[in-house]
Structures are given as C-alpha cells and as structure tokens.
Amino acid sequence: MKGLLRDNFYAAYANAKALMGILLLAGIAVAIYPKEGIWLRYYMLCCLVGLNFVTLQDFHKGGFSRWEQYKLTLPVTRADIVRSCYAGHLFWMFAGGVFASVTAGLAVLLHGFVFDLWTDVLLIYIMGMSISLFMGAIFFPLLYARGEERKEASLMGSALFAVAIVLGLALLWNFLFGPRMTTAQIIGGGVIILFCAIAAYGVSYLLAVEIFHHKEY
Amino acid sequence: MDNILELKQVTKLFPESEFKLDSVSFSVPYGSIMGIVGENGAGKTTTIGCILNTVLRDRGDVRLFGRRMRDPDTDLREKIGVVYDGNNFPAYLTADRLSRIMQGVYRAWDEPLFRKYLEDFGLPAGQKIRHYSRGMTMKLAIAVALSHHPQLLILDEATGGLDPVMRDEMLDVLLEFVQEEQHSVLMSSHITSDLEKIADYITFIHNGQVILTASKNDLAYRYAVMRCRESEFQTLDPQDIIAYRKRDYQTDVLVADGQRMRHMYRDAVVDHVSLDEIMILLIKGEKGGSAPC
C-alpha cells in the first residue's frame with residue numbers, strides 16, 4: 001500500500017510542483033494585499049479545489065505503459081489500489097488546505113483579522129473541502145467505469161457536478177432558513193454539506209472498488 | 001512431478017470480438033521453462049491474463065504453487081515476477097523512484113540486488129524511463145521482476161522487438177534464474193528460436209485452443225516431418241499423422257515419432273522439424289488422425 005501511495009505521489013508531483021509554485025507566489029501577494037479578505041477568500045478556495053483538480057488528472061497516468069495492468073500482478077489487492085487513489089486525493093486536498101491556512105495566517109499576522117466574520121473562514125474551508133470531496137467521489141468511479149481514455153471528460157464533468165451539488169445544497173439551505181440565518185444555522189448548513197460530501201466519498205469508494213473488481217486488462 | 005503452475009480447462013469468452021480461450025490446460029513443473037507459442041491473437045496474452053487475474057476467466061481452474069490465486073492472496077503474488085511486452089512502467093518514473101515504490105509493495109524487495117542488476121544492465125538509476133530505449137525498459141522490467149526473489153517468472157512477449165544480442169542476454173538471465181530447482185519460467189513468444197534455446201516444454205496455442213504440448217526434447221528429437229509424394233502420402237496410416245500440408249510437388253507430414261516412421265516407410269524422407277515448421281503445420285495444415293485436438 002505504501003508503494004502505491006508513493007506511485008500516486010510521483011505521478012502528481014510534477015504538475016503539483018508547478019501549481020504549488022504559482023500558489024506560493026500568489027499566496028505571498030494576497031497575504032501582503034488581502035483587500036478586505038476578498039482575494040484571500042478566492043485564493044483559499046483555489047488552494048482547496050485547484051490543487052485537487054490538477055492532481056486528479058494524474059491518477060492512472062500510466063500513459064502508453066502497461067502500469068495499471070502491472071499493478072494487478074503486484075502483491076496488493078484491487079481494493080488497495082483503489083484505496084491508494086482515494087488516499088492520494090485526500091493528501092492533495094490537505095496539502096491545499098495547508099497552503100490556504102498558512103496564507104490566511106500570514107495575512108492575519110500582517111493585517112489583523114481580514115474577514116468579516118469567523119464563520120466566513122469556516123465556510124470557505126467547508127465549501128472547498130466539500131467541492132473537492134464531491135469531485136473525487138464522482139471522478140474515481142467514472143475513471144474505473146469509463147476508462148482512462150475518457151479521463152479528461154470525466155474530470156471536467158466531476159468538477160462541474162461537484163460545484164453544482166455544493167451550490168445546490170447551499171441554495172437549498174438558504175431557501176429553508178431565509179436570509180436572516182443565525183450563526184448556528186450557518187454552521188449547521190456547512191456541516192450538513194460537508195457531511196453529505198464525506199458520505200458521498202465513502203459510497204463512491206465502495207462503488208469504485210466494486211467496479212474495479214470487474215475491470216480487465 | 002510437482003507443478004508450480006497448473007491450468008485446467010480455462011475458458012474465457014470475449015463477446016465483442018467473439019474470441020474464445022477454449023478449455024486451455026497445461027502445467028509447468030518446478031525447475032523448468034515452459035514456452036507458449038502461437039501466432040498473434042492466438043490467445044497467449046489472454047492465457048497469461050487468466051493466470052494473473054488481469055483477465056477474469058469464465059470457467060476453469062488455475063493453481064499457482066498448488067493454490068488458487070484469488071485477489072486477497074497477495075502472498076502468492078509475492079512469489080511471482082512479471083514482465084510484459086513494451087513499457088511496463090510509466091515514463092515519469094526513474095529506476096530510483098520505481099525501486100522506492102517496489103520497496104513499499106514487496107516484503108522481500110532486495111534493494112542491493114536491484115542496484116546490482118541496474119549496474120550489470122547499464123541502466124542509469126536517475127534517468128526518467130521515457131528516455132530509456134526499448135531494450136533498456138525490458139532490462140529494467142527484468143531487474144524489477146527478479147529483485148524480490150520470485151519463484152515463478154511470467155513473461156509475455158518480453159523478447160519481441162529486441163535485437164538478437166539483447167534477446168540473448170535476456171535468455172541468459174532466464175537460464176541462470178532456473179538453475180534453482182524451485183524456480184520456473186512461463187514465457188510466451190512468437191519468436192520460436194528463443195524458446196528453442198531455453199524452453200523445456202512448449203505449448204502451442206491456436207485460435208484460443210491448446211493444439212500441442214510437449215517437451216522440447218521430444219519436439220527436437222522425436223517429432224519429425226515427412227516429405228512425401230502423393231502416392232506415399234496415400235499409404236500413410238492416418239493414425240501416424242498429426243498434421244499435413246500439401247504443397248506443389250510434395251506433402252509435408254508432421255509425425256510424433258520420426259524414428260519409427262523411418263523404419264516403417266524406408267523410401268520416405270524424414271527430416272528433423274523446427275518449432276517454426278511445427279507451428280506452421282499445426283496452424284496452416286490439415287489435422288491428421290493423431291492430432292491432439
């Protein structure tokens with residue numbers, strides 16, 4: 001399993017390194033000039049979702065090699081292979097979270113609390129993580145079911161659906177509780193969205209394992 | 001004799017192409033090299049896929065080291081090394097990184113041994129695989145396959161596309177591997193000369209069916225091809241004929257016991273037969289009365 005995680009890391013490393021370089025420079029810029037937190041909010045969302053989006057396309061990056069077939073001959077189970085993909089996806093989500101947190105922390109150190117409310121910060125994390133989780137939850141079963149040839153289309157579709165689901169759930173919550181929500185209701189809404197994303201991720205993992213058990217090379 | 005690998009009645013149908021691997025059975029004894037020969041699309045790769053569970057068989061039984069290998073049986077896969085045709089590993093890796101991956105996969109990964117193979121094969125450890133030549137990628141695949149001390153090596157068309165010198169080097173490595181009594185090799189190829197050099201047993205596959213399995217010694221010293229005129233051909237007992245092929249002025253007849261045929265048909269020309277010729281006669285010729293299938 002450790003070897004599979006390393007493989008996923010190496011596959012994503014080149015693209016992730018390039019994006020992390022950009023995020024680092026952008027992070028310094030928004031920390032110095034946060035403009036009442038607006039740029040910082042976009043930046044944090046970008047870290048949480050963008051890094052994940054870029055690295056997702058590197059799963060099953062065997063290209064023209066027989067690597068995916070070869071992996072089935074290694075002393076690992078098919079479930080291990082799927083699990084390593086989900087674990088790799090979570091790793092890059094948390095890496096994005098670290099970037100977002102460090103930059104937000106730096107901005108707060110330099111300028112004081114730049115957000116309107118502390119719930120704003122919480123919601124940014126919840127939205128970013130939920131979009132990432134939904135994206136992975138949709139992408140991986142599609143990758144195993146439709147194959148690597150349609151990976152790009154699967155990824156674009158997953159990203160759009162993930163954003164639509166999170167926005168849809170947020171709109172539903174607003175519709176139910178109106179414009180004057182209490183802090184508890186705001187946090188409650190965020191937690192429910194995150195819970196849905198985590199549940200979808202779990203179900204997606206089981207589905208992907210099932211699909212992969214029938215995959216032939 | 002104990003077998004490291006046994007296939008019984010392995011069947012797999014691909015509905016889209018209508019290709020069927022049909023009741024394939026053979027076994028590989030410990031300490032031997034088994035070659036699978038057949039034309040392109042004969043079913044060699046599908047057979048290997050069924051052994052390694054990369055293709056899910058419809059029927060039949062595969063036993064490795066006396067056991068059925070299911071998905072959770074990772075301990076069995078610890079004892080198997082695999083080399084596929086072409087690029088086994090992704091181009092973004094280096095041999096160094098590949099080694100780190102394998103360290104986290106195989107319990108018995110032997111890093112010093114892997115380094116030794118890299119050195120012996122002249123493979124740069126820090127260079128990306130995308131910059132390797134075809135021969136280098138095959139050598140790397142062999143090095144990986146051997147560096148966790150497997151007992152069974154499975155090679156699928158691994159020598160195809162290599163130049164004769166490189167093929168010879170690879171065959172030497174395989175011969176060295178089977179010096180250990182508990183080691184065996186299963187190797188598919190349509191380059192019959194490779195198998196003539198190293199195989200102990202040969203299985204011929206055609207249209208998804210095993211058409212002949214025999215020891216190489218039998219094929220080399222007992223099997224023979226009779227060059228008959230039409231009148232001589234008519235006198236042959238059909239039970240002596242495995243396959244025959246009519247040509248302009250003669251008929252080539254594959255027989256299982258050349259010595260006996262020399263005694264029985266003193267006027268006939270009985271030649272030694274190469275694997276190539278056996279393959280052509282079995283595939284392109286007509287079946288005789290003693291055809292195995």
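Modeller: Phe9(A) and Tyr13(A) both sit in helix 1 of chain A, residues 2-32, and because they are four residues apart, about one helical turn separates them. The model is a predicted one. Their rings form a tilted aromatic pair, with 5.4 Å from centre to centre and 35° between the planes. Phe9(A) has 30% relative accessibility and counts as partly exposed. Tyr13(A), at 26%, is partly exposed as well. The pair belongs to a cluster in which ring pairs link Phe9(A), Tyr10(A), Tyr13(A), Phe91(A) and Trp92(A). Over all chains, the count of aromatic pairs comes to 21.

The contact between the chains comes next. It takes 30 residues from chain A and 31 residues from chain B. About 2800 Å² is buried between the two chains, and carbon and sulfur atoms give 60% of that area. On the side of chain B, Thr54(B), Asp71(B) and Tyr92(B) lose the most area to chain A, together 22% of what that side buries. Between the chains, 14 residue pairs are in polar contact, both residues being at pLDDT 80 or more. Four elements of chain B each give two or more residues to the side that touches chain A: strand 1 (3-14), helix 2 (74-77), strand 6 (80-84) and helix 3 (95-103). Helix 3 of chain B gives the most, with six residues. By residue class, this side of chain B divides into 17 nonpolar, seven polar and seven charged. One salt bridge is found across the interface. Its partners are the side chains of Lys12(B) and Glu216(A), at 2.7 Å from N to O.

Salt bridges over all chains number 31. Several of them lie within chain B. Arg63(B) and Asp61(B) meet through their side chains at 3.1 Å, N to O. Asp61(B) is buried at 15% relative accessibility, whereas Arg63(B) is partly exposed at 26%. Arg70(B) pairs with Asp73(B) in a salt bridge, the closest N and O atoms being 3.3 Å apart. Asp73(B) is buried, with a relative accessible area of 7%. In the salt bridge of Lys197(B) with Asp168(B), the closest N and O atoms are 3.7 Å apart. Lys197(B) lies in helix 7 (residues 192-198) and Asp168(B) in helix 6 (residues 164-177) of chain B, so this pair ties together parts that are 29 residues apart in sequence. Asp168(B) counts as partly exposed, at 33% relative accessibility. Salt bridges that share partners also join Arg227(B), Arg247(B), Asp252(B), Asp271(B) and Glu277(B) into one network.

Two backbone angles in chain B are left. Most residues other than glycine have a negative phi. Asn53(B) has a positive phi, near 65°, and is found in the loop between helix 1 (44-52) and strand 4 (59-64) of chain B. Its relative accessibility is 16%, and Asn53(B) therefore counts as buried, the limit being under 20%. Phe65(B) also has a positive phi, near 55°. The loop that holds Phe65(B) runs between strand 4 and strand 5 (67-68) of chain B. At 13% relative accessibility, Phe65(B) counts as buried.

Conventions: Residues are numbered from 1 along each chain as its sequence is written. Chains are lettered from A and ligands numbered from 1 in the order in which they are written. This is a predicted model: local features need pLDDT of at least 70, side-chain atom pairs count only at pLDDT 80 or more; totals for chains, interfaces and linings use all residues. Side-chain values use heavy atoms; hydrogens and water are left out. Contact means heavy atoms within 4.5 Å. Buried area is the accessible area (1.4 Å probe) that two parts lose on being put together, summed over both. A salt bridge is a side-chain nitrogen of Lys or Arg within 4 Å of a carboxyl oxygen of Asp or Glu. A polar contact is a pair of N or O atoms within 3.5 Å; within protein, one must be able to donate a hydrogen and the other to accept it, and residues adjacent in sequence count only if both atoms are side-chain atoms. Ala, Val, Leu, Ile, Met, Phe, Trp, Tyr, Cys and Pro count as nonpolar, Asp, Glu, Lys and Arg as charged, and the others, Gly among them, as polar. Buried means under 20% relative accessible area, exposed over 50%, partly exposed in between (1.4 Å probe, protein chains only). Rings of Phe, Tyr and Trp (its six-membered ring) pair if their centres lie within 6.5 Å; planes under 30 degrees apart count as stacked, over 60 as edge-to-face and the rest as tilted.
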